[in-house]
Amino acid sequence: MTRRIILVRAVNVGGTAKLPMAQWRALAESLGAAEVSSYIASGNLLCIPPGLPEDFDRALEAAVQARFGFFREVVSRSHDEVLDALQAHPFEVIDPRFSYITFLQASPTPDAVRAASALETGDDRWQVIGREMHLRYAQGAGAPQMKELAISRTLGVTGTARNLNTVRRLIELAGA
């Protein structure tokens with residue numbers, strides 16, 4: 001197996017869903033992962049999972065719920081998949097903190113993408129490419145003109161977003 005980038009959605013933001021990184025790493029190790037490390041406190045994990053990656057993702061979800069009492073989706077990708085997603089980013093990067101990739105659990109249907117395209121975005125932009133939704137906020141994620149949550153709900157697929165600075169760093173760490 002190769003090292004994977006594992007992302008958990010919506011932890012350690014806004015005072016809810018606390019997931020200490022030391023315990024996040026320990027959970028992965030307790031499920032048989034090797035070469036476990038984390039990057040910043042937003043739920044980024046790098047490891048070599050035992051068995052099938054999708055099975056390990058679901059095991060992590062169950063372990064987080066059992067240990068911490070809340071459910072959060074887990075999405076993982078290989079180093080090359082994350083690198084491909086970064087290279088496919090369709091928008092000019094004015095500031096990497098304003099550009100994001102949302103790693104989705106599955107590809108949305110074409111009908112869902114069409115429906116989401118009807119939502120107002122102002123000067124913000126988004127585009128789905130495969131299992132990723134690419135975002136660029138005109139004024140940053142802290143002042144969005146588009147309703148990313150509404151777009152995600154319309155797409156009907158859960159995911160977790162990381163800004164391009166974080167994506168680049170995760171690629172570096174997974175390749176090391």
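Predicted model: local features only at pLDDT ≥ 70, side-chain atom pairs only at ≥ 80, totals over all residues.
**Exercise 1. Which residues is Trp24 in contact with, leaving aside its neighbours within four places in sequence?**

Residues are numbered from 1 along each chain as its sequence is written, and side-chain values use heavy atoms, without hydrogens and water.

Solution. 
- Step 1. Contact means heavy atoms within 4.5 Å.
- Step 2. Trp24 meets Ile6, Val8, Leu19, Gly43, Asn44, Leu45, Leu60, Val64 and Val74.
- Step 3. A nonpolar core is a set of buried Ala, Val, Leu, Ile, Met, Phe, Trp, Tyr and Cys residues joined through side-chain atoms within 4.5 Å. Buried means under 20% relative accessible area, exposed over 50%, partly exposed in between (1.4 Å probe, protein chains only).
- Step 4. The largest such core has 18 residues, and Ile6 and Trp24 have the most contacts inside it.
- Step 5. At least two residues of this core come from each of β1 (4-8), α1 (21-30), β3 (44-48) and α2 (53-68). Helices (H or I, at least four residues) and strands (E, at least two) are DSSP runs, numbered from the N terminus.

**Exercise 2. What is the strand order of the open sheet of four strands?**

Solution. 
- Step 1. The order is β6-β7-β5-β8, with antiparallel pairing.
- Step 2. The edges are β6 and β8 (159-163), each pairing on one side only.
- Step 3. Count the bridges between β6 and β7: five. Arg125 has Arg136 in β7 as its bridge partner.
- Step 4. Helix α3 (residues 79-87) lies across β5 and β7, at about 135° to β5. Helix α6 (residues 164-175) lies across β5 and β8, at about 95° to β8. Axes are lines fitted to C-alpha atoms, for helices over the stretch in contact, and angles run from 0 to 180 degrees between N-to-C directions.
- Step 5. Look at Trp126, which lies in strand β6 (residues 125-129). Trp126 is buried, at 13% relative accessible area.

**Exercise 3. How many aromatic pairs does the structure hold?**

Solution. 
- Step 1. Rings of Phe, Tyr and Trp (its six-membered ring) pair if their centres lie within 6.5 Å; planes under 30 degrees apart count as stacked, over 60 as edge-to-face and the rest as tilted.
- Step 2. The structure holds two.
- Step 3. Phe68 and Phe70 are tilted, at 6.1 Å centre to centre and 35° between the planes.
- Step 4. Tyr100 and Tyr137 are edge-to-face, at 5.6 Å and 85°. Tyr100 sits in strand β5 (residues 99-104), and Tyr137 sits 37 residues away in the loop between β7 (132-136) and α5 (148-155).
- Step 5. Check burial: Tyr100 has 17% relative accessibility, and Tyr137 has 7%. Both therefore count as buried.

Notes: Pairing = 2+ DSSP bridges.
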